[in-house]
Amino acid sequence: MIGAAVRIPRLLRGSLHDVRLGFALMRDRRVPLRAKLLAILIGLAVTGLVEFLELPVEGILSILLPILGGVGDVVVDGAEMIAGPLLLASVLLPFLAPRDLVAQIRAERSASPAGPKAPIIDV
């Protein structure tokens, strides 16, 4: 139990919701394909579970609002099945990819001249 408590702060050193880093890792060729696929598969599984839990509510809405409920259901489910796994994979990928590679890509991204961190006030 103490070992797990020691590992948790090390795991949480980076931001838990650095989605931009996750997308950068998805695009980077140095990240192993296995880590990318695992992140996407976990995202698909979680999104599929959420879809399964939404079935009773979607059924009630499609009965109460037959046309609008059916069309809205298809549109929302389609968006969830595309965006959900990608967002979840981008959140999970920094934890699934090799740590040294994540640190290297994070350092490369922070050293890039993307602009100032604070707003420029010109008087």
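Author: In this predicted model, the buried residues of α2 pack against α3, α4 and α5. The residues in question are Leu 21, Gly 22, Ala 24, Leu 25 and Met 26. Helix α2 itself covers residues 19–27.

When its neighbours within four places in sequence are set aside, Met 26 is in contact with Lys 36, Ile 40, Ala 89 and Leu 93. Of the helices concerned, α3 spans 33–64 and α4 spans 66–96.

Leu 21, Leu 25 and Met 26 also belong to the largest nonpolar core, which has twelve residues in all. As general background, nonpolar side chains in soluble globular proteins tend to be buried together.

The axes of α3 and α4 lie 7 Å apart, at an angle of about 155°. Because angles over 145 degrees count as roughly antiparallel, α3 is roughly antiparallel to α4. The crossing in which α3 passes α4 is right-handed.

Ile 82 is found in helix α4, yet Ile 82 counts as exposed because its relative accessibility is 60%, and the cut-off for exposed is over 50%. The C-alpha atom of Ile 82 is separated by 9.4 Å from that of Thr 47, although the two residues are 35 apart along the chain.

The setting of these details is a protein chain with five helices and zero strands, its elements running α-α-α-α-α from the N terminus on. Among contacts in the protein chain with a separation of 6 or more, 84% join residues 24 or more positions apart. Of the 123 residues of the protein chain, 21% count as buried. The accessible surface of the protein chain comes to about 9200 Å², and carbon and sulfur atoms hold 72% of that surface.

Notes: Residues are numbered from 1 along each chain as its sequence is written. This is a predicted model: local features need pLDDT of at least 70, side-chain atom pairs count only at pLDDT 80 or more; totals for chains, interfaces and linings use all residues. Side-chain values use heavy atoms; hydrogens and water are left out. Helices (H or I, at least four residues) and strands (E, at least two) are DSSP runs, numbered from the N terminus. Buried means under 20% relative accessible area, exposed over 50%, partly exposed in between (1.4 Å probe, protein chains only). Contact means heavy atoms within 4.5 Å. Accessible areas come from the Shrake-Rupley method with a 1.4 Å probe; for residues, only the protein chains shown count as cover. A nonpolar core is a set of buried Ala, Val, Leu, Ile, Met, Phe, Trp, Tyr and Cys residues joined through side-chain atoms within 4.5 Å. Axes are lines fitted to C-alpha atoms, for helices over the stretch in contact, and angles run from 0 to 180 degrees between N-to-C directions. Angles under 35 degrees count as roughly parallel, over 145 as roughly antiparallel, 65 to 115 as roughly perpendicular and the rest as oblique. A crossing is left-handed if the near helix is turned anticlockwise from the far one by less than a right angle, and right-handed if clockwise.
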